[in-house]
Amino acid sequence: MSKYYLNYLDELESEAIYILREVWAQFDNPVILFSGGKDSILVTHLAKKAFYPAKIPFPLMHVDTGHNFPETIQFRDDIIKDLGVELIVGSVQESIDEGRVAEEKGKNATRNALQITTLLDAIEYNKIDCAIGGGRRDEEKARAKERFFSHRDDFGQWDPKNQRPELWNIFNGKHFEGEHFRAFPISNWTEMDVWNYIKRENIAIPSLYFAHEREVVWRQDSWIPNSEFLVLEDNEEIVTKKIRFRTLGDITITGGIESDADTLEKIADEVSGMRQTERGNRSDDKRSESAMEDRKRQGYF
Amino acid sequence: MLDNNQLLRFTTAGSVDDGKSTLIGRLLYDSKSIFEDQLQAIENTSKKKGHDGVDLALFTDGLKDEREQGITIDVAYRYFTTPKRKFIIADTPGHIQYTRNMVTGASTANAAIILVDARHGVIEQTKRHSFIASLLQIPHIIVCINKMDLVDYSEEAYNKVINQFEEFSSKLLVHDIRFIPISALNGDNVVNRSETMKWYQGAPLLHTLETMHISSDINKVDARFPVQTVLRPQSESHRDYRGYAGRVASGIFRVGDEVTIMPSGFTSKIKTIDTLKDSLEEAYAPMSVSITLEDDIDISRGDMIVRSNNKPEPVQDIEVMLCWLHNNPAKPRAKYSIRHTSNEQKAMIKDIVYKINIETLDRNVDDKDLKMNDISKVKIRTTKPLMIDSYRENRTTGSIILIDDTTNETVAAGMIV
């Protein structure tokens with residue numbers, strides 16, 4: 001007799017597919033928030049599975065800060081073509097040009113927080129009622145409290161103390177005009193699960209995740225890539241290192257790690273031996289103890 | 001991790017005083033699931049607060065308000081992995097005013113850890129947590145008798161708690177109860193076997209969690225497939241494809257099985273069971289698949305595909321154990337939306353049979369209010385039939401939620417009697 005239970009990756013996959021189908025059934029106009037990072041690539045892959053043999057029945061949406069790795073944009077355009085789905089782009093540069101937000105100043109200036117306005121504008125403009133994200137509960141303590149179906153009021157804000165209870169596998173996506181939801185199909189995955197699954201399924205990911213030679217500068221305990229946006233301090237110098245990125249965000253804030261891992265097997269091995277959390281290399285999370293919670297309350301991913 | 005490793009979800013209810021946070025911190029720390037930057041952060045906080053050494057309880061700190069008040073309010077999910085299994089902890093508060101959060105955490109759990117302070121023995125809180133675990137039909141209960149270091153690691157103290165627990169738990173419907181004497185503070189019998197309690201012959205907590213048999217936790221007998229959505233690609237390669245997408249709630253479906261569509265009653269045979277990777281010969285819970293049938297039948301979300309020789313009962317009058325989840329109390333004879341698997345109808349609470357006093361477990365037949373955290377037996381009438389099983393038989397097809405249409409909030413969760 002064959003076994004009648006799923007292993008942990010199959011169970012996580014089945015759960016995510018269930019949630020993606022639930023989103024499609026309960027909302028009129030959902031999108032996948034696509035950043036080009038491994039988590040949103042994974043969600044997109046799972047969506048492909050959820051609706052096969054049909055195409056993914058909703059668009060991907062990219063909040064473009066203008067501070068991208070060129071590789072990320074190329075990867076995004078390739079995947080859109082391959083899937084045959086629509087791409088919606090919300091541009092932070094446009095938000096700045098229209099005076100909706102002001103660029104941060106100083107050495108540690110980033111466009112990270114500015115994305116919130118662009119994201120919420122894009123959600124409103126495109127009448128999106130559910131934005132599907134690749135957030136995981138193991139990433140950060142505010143995210144540990146997220147629901148699979150997470151309500152946002154008509155200002156796009158999250159109220160962590162008044163969340164709808166989620167029992168069993170029954171999800172309540174009912175909402176009023178102007179409100180929207182965020183859905184997180186891979187809530188229960190850890191970083192290690194993501195890599196083990198990407199390896200098992202042999203999912204294509206941007207070359208940035210693999211070890212490669214790159215010009216970088218040592219800043220805030222990690223290797224920040226050289227780019228047209230980088231402003232060097234007096235005591236900093238650009239060096240060439242063999243690095244790879246553990247997470248992908250803006251080119252201005254995403255720190256790389258020194259690594260020789262140039263295959264999915266080697267990456268999974270490396271991650272399993274890691275002693276630092278992956279967001280430890282993200283300067284956006286280092287600003288304060290509740291940096292993520294504060295941004296999420298305002299409408300961040 | 002090996003390819004056949006399973007996922008186990010467990011819940012821990014309790015407060016800082018019971019040592020819940022210390023226990024979780026200890027599990028994560030001794031199983032080497034804490035990263036250096038996380039450890040660094042709690043070392044800093046421990047110092048700032050003037051604690052001796054590293055306070056492992058700080059690892060479960062949550063939102064700003066929770067940190068300020070030093071309590072757990074909402075369910076927090078935590079993850080760790082050992083070479084044998086992946087674990088999801090639903091870390092829930094233990095206070096009576098957070099009963100609804102406990103119920104939420106318990107709803108998906110394979111196992112519940114119930115903490116008892118060895119000095120105080122079984123108290124009302126223990127009974128309440130055990131009752132919720134049995135009400136939500138958590139298949140395995142592990143009673144951790146904690147703070148054994150404060151009772152000189154005495155076997156007598158341990159046995160006394162077991163006797164107290166068994167005395168009242170005989171009234172509960174739980175199939176698998178185990179007891180483990182631990183000291184979360186010192187790490188005895190959490191991950192590592194205790195050096196001081198040689199008299200305890202059983203396994204430490206982690207080993208218990210790693211090896212308990214959970215494959216039978218899901219009902220494998222009654223084949224139930226609630227349809228979530230219909231897949232119609234209308235592409236060149238799949239012009240006439242019509243797949244019913246869903247997750248097998250229970251039981252096993254095979255190609256060729258004679259099936260009935262509920263509630264319409266039409267019958268057909270399973271033609272294919274599809275996934276992106278390949279077409280399968282069989283699908284079992286909790287797999288997400290797309291099923292096609294031999295015949296063209298009108299099927300939509302909310303319908304259920306079942307095996308023709310084993311059908312659920314279509315009923316409009318149901319009795320449920322209802323936990324009220326919302327600040328707004330129930331309005332008499334008010335209408336709610338009821339959600340049962342993918343099916344949604346309107347429903348009315350017709351009668352409140354009794355309310356359970358969750359401190360004493362007594363039934364009160366006179367109290368007809370349904371306020372937040374109340375657990376009551378109620379009678380519900382729905383506008384159209386639901387295809388139900390009892391919650392005892394089937395956690396997926398035996399559960400419902402109620403939604404208030406004026407606020408869209410989820411206001412109650414129910415287990416069908």
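**Ground rules.** Before I talk about strand partners, I need a working meaning: I call two strands paired if DSSP finds at least two bridges between them. I also keep in mind that this is a predicted model.

**Entry 1: a run of strands in chain B.** I started with E12(B), residues 267-274. What does E12(B) pair with over 4 bridges? I found strand E15 of chain B, residues 288-293, and the two pair in the antiparallel sense. Within that pairing, I see Ile273(B) standing opposite Ile291(B) in E15(B).

Next I checked E11(B), residues 258-262, which is joined to E12(B) by 3 bridges and runs antiparallel to E12(B). Here Val259(B) stands opposite Ser268(B).

Asp274(B) is the residue opposite Ser279(B) in E13(B). I noted a hairpin here as well, with 4 residues joining E12(B) to E13(B). A reminder to myself: strands of a sheet pair through backbone hydrogen bonds, either parallel or antiparallel.

Entry 2: I looked up the domains. Chain B comes in three pieces: domain 1 (6-217), domain 2 (224-307) and domain 3 (313-416). The C-alpha centres of domain 1 and domain 2 of chain B are 41 Å apart.

Chain A has domain 1 (8-193 + 290-298) and domain 2 (204-285). Their C-alpha centres lie 23 Å apart. How many residues does the contact take from each domain of chain A? I get 23 residues from domain 1 and 21 residues from domain 2. On the domain 1 side, the elements giving two or more residues are H2 (38-51), H3 (70-83), H6 (191-201) and H8 (291-298) of chain A. H3(A) gives the most there, with 3 residues. By class, that side divides into 6 nonpolar, 10 polar and 7 charged residues.

**Entry 3: the sheet in chain A.** I traced an open sheet of 6 strands with mixed pairing, in the order E3-E2-E1-E4-E6-E5 of chain A. The edge strands are E3 (87-91) and E5 (149-152) of chain A, each pairing on one side only. From one strand to the next, the twist averages 30°.

I then zoomed in on E1(A), residues 30-33, and E2(A), residues 60-64, which run parallel and are joined by 2 bridges. The bridge partner of Leu33(A) in E2(A) is Met61(A).

Which strands does H2(A) lie across? I see E1, E2 and E4 (130-132) of chain A, with H2(A) running at about 140° to E1(A). Helix H5(A), residues 115-125, also packs on the sheet, where H5(A) touches E2, E3, E4 and E6 (180-183) of chain A. The direction of H5(A) makes about 135° with that of E3(A).

**Entry 4: helix pairs in chain A.** H1(A), residues 8-26, packs with H2(A) at an angle of about 75°, their axes 9 Å apart. Angles of 65 to 115 degrees count as roughly perpendicular, so H1(A) and H2(A) are roughly perpendicular to each other. From H1(A), I listed Glu13(A), Ala16(A), Ile17(A), Leu20(A) and Arg21(A); they meet Leu46(A), Ala47(A), Lys49(A) and Ala50(A) in H2(A). That contact has 6 nonpolar, no polar and 3 charged residues.

H6(A) and H7(A), residues 264-272, come within 9 Å at their axes and cross at roughly 165°. The two helices are therefore roughly antiparallel to each other. H6(A) passes H7(A) in a left-handed crossing. Among the residues that meet here are Trp195(A) and Ile198(A) of H6(A), and Ile267(A) and Val271(A) of H7(A). By class, I have 7 nonpolar, 2 polar and 3 charged residues in this contact.

**Entry 5: where the chains meet.** Last, I checked chain B against chain A: 57 residues of chain B are in contact with 49 residues of chain A. E2(B), residues 76-81, gives the most to the chain B side, with 5 residues. I sorted that side by class into 21 nonpolar, 19 polar and 17 charged residues.

Definitions and conventions: Residues numbered from 1 in each chain as written. Chains lettered and ligands numbered in written order. Predicted model: local features only at pLDDT ≥ 70, side-chain atom pairs only at ≥ 80, totals over all residues. Domains from an automatic or database assignment. Contact = placed C-beta atoms within 7 Å. Nonpolar A, V, L, I, M, F, W, Y, C, P; charged D, E, K, R; others polar. Axes fitted to C-alpha atoms, helices over the stretch in contact; angles between N-to-C directions. Parallel < 35°, antiparallel > 145°, perpendicular 65-115°, else oblique. Left-handed = near helix turned anticlockwise from the far one by under 90°.
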